[in-house]
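This briefing concerns a metal site and a sheet. Please consult the sequence and the structure shown here before reading on.

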Amino acid sequence: MKALKWYGPYDLRVEESEEPRIVNETDALVRPTLAGICGTDLHIYKGYLQIIPGNIIGHEFVGIVEEVGKGVKEFSKGDKVVVSCWVADGKCWYCKRGYYTQCVNINIFGIGPLYGEALQGAHAELVRVPYADVMLYKIPENIPDEKVVMLSDGLPAGYAGIVEGGIKAGDIVTILGFGPIGAVAGMCAKILGASLIIAIDVIEERLKIARELGFKTLNAKEVDVAEEVRNLTDGRGADLVIEAIGGSEEVLRKAIELARRKGTVSVLGFHVHDYNLPAGQLWISEKRLIFSIGDPIRYRYELLELIKNDRIDISKIITHKVSLNEAPKGFELFDKKVAFKVVIKP
Ligand SMILES: [Zn+2]
């Protein structure tokens with residue numbers, strides 16, 4: 001089969017690869033019909049997250065079940081499924097309470113040995129999926145792949161930031177960093193009753209997409225965003241701030257600054273380092289700081305209903321569709337922020 005492999009920073013190659021096989025009886029093999037390029041893939045692409053050279057990358061995908069192990073009860077060949085990017089066994093203490101992203105057997109496709117076994121990724125013609133009865137979710141045939149592919153990762157991530165941030169009807173929501181996850185969070189905030197959504201970024205093309213979705217926009221290169229957010233909130237700050245940039249203490253501090261007293265900062269950005277946080281300021285202002293990595297298993301039921309009923313249409317933010325052969329180009333366009341959301345059709 002053909003697959004997209006990582007060999008080093010900015011070095012992706014489409015190569016022939018051995019097809020995966022069923023290893024455990026709870027495994028399934030899934031043939032991706034559409035896969036997303038996610039921000040986490042970009043961290044690997046650029047070398048921030050080191051994986052094993054020659055590993056297949058990608059973790060956000062929808063596809064068709066090709067084969068199931070004899071322990072798989074709920075699925076069979078030919079089923080259309082979305083696959084949770086986070087691996088969960090469905091039976092540990094955390095899984096039983098619905099906290100799938102803290103499963104004791106957590107793993108993720110295509111990011112190497114970070115969690116033990118390096119699971120091969122989804123930017124390929126065939127993928128081995130462990131714990132198939134937990135990981136797979138049936139999708140009606142009539143829903144286009146473009147509307148459900150992000151149900152695998154990006155959509156529940158944005159949704160988690162909003163619902164776990166405790167949104168209330170009428171809230172003013174500020175989104176710091178308007179990439180695909182920020183866009184999804186904004187769309188979720190809208191359907192969950194936000195009265196105003198303020199999108200902040202430095203790239204005008206991204207802010208244009210935010211305006212098309214009906215959000216107020218602020219370009220952080222042009223204005224003092226903290227002052228502008230206060231102006232839009234009678235001097236208070238936002239009820240809920242979504243931090244969707246990650247990677248630095250500076251962005252966390254900015255997100256905290258944008259929230260009102262007793263408000264919430266919901267962090268979706270990717271952080272790996274420890275920082276000094278303004279604990280005194282957080283305490284005296286009673287701001288809540290919460291973190292979510294999204295949970296495709298916990299949230300897929302309600303999100304699929306929202307998709308079916310046209311309450312949320314993620315296909316609106318897909319700007320580029322490429323073949324597997326063109327995938328390295330897709331990464332380049334996403335990295336250079338020419339593309340907003342890129343999907344690969346293997
Ligand atoms: Zn578990």
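Which residues coordinate the zinc ion? In this predicted model, the zinc ion is coordinated by Asp89 through OD and by Cys92, Cys95 and Cys103 through SG, at 2.1 to 2.3 Å.

**Zinc site**

- The arrangement around the zinc ion is tetrahedral, because its four donor atoms subtend angles of 95 to 124°, and four donors count as tetrahedral if all angles lie between 85 and 135 degrees.
- For four tetrahedral donors, the ideal angle at a metal is 109.5 degrees.
- Along the sequence, the donor residues follow the spacing D-x2-C-x2-C-x7-C.
- Asp89 has a relative accessibility of 6% and therefore counts as buried, the cut-off being under 20%.
- Cys92 likewise counts as buried, because its relative accessibility is 9%.

**Open sheet**

- Six strands form an open sheet with parallel pairing, in the order E13-E12-E11-E14-E15-E16.
- Strand E13 (216-219) and strand E16 (288-291) are the edge strands, each pairing on one side only.
- Between neighbouring strands of this sheet, the average turn is 20°, direction ignored.
- Strand E14 (residues 238-243) and strand E15 (residues 259-267) run parallel and are joined by five bridges.
- Ala238 has Ala259 in E15 as its bridge partner.

**Helix on the sheet**

- Helix H6 (residues 180-191) packs on the sheet, where it touches strand E11 (172-176), strand E12 (196-201) and E14.
- The direction of H6 makes about 175° with that of E11.

Notes:
Residues numbered from 1 in each chain as written. Predicted model: local features only at pLDDT ≥ 70, side-chain atom pairs only at ≥ 80, totals over all residues. Heavy atoms only, no water. Pairing = 2+ DSSP bridges. Helix = DSSP H or I, 4+ residues; strand = E, 2+ residues; numbered from the N terminus. Axes fitted to C-alpha atoms, helices over the stretch in contact; angles between N-to-C directions. Contact = heavy atoms within 4.5 Å. Donors = N, O, S within 2.8 Å, 3.2 Å for Na, K, Ca; no water. Tetrahedral: all angles 85-135°; square planar, octahedral: opposite > 155°, others 65-115°. Buried < 20%, exposed > 50% of the residue type's maximum accessible area, 1.4 Å probe, protein only.
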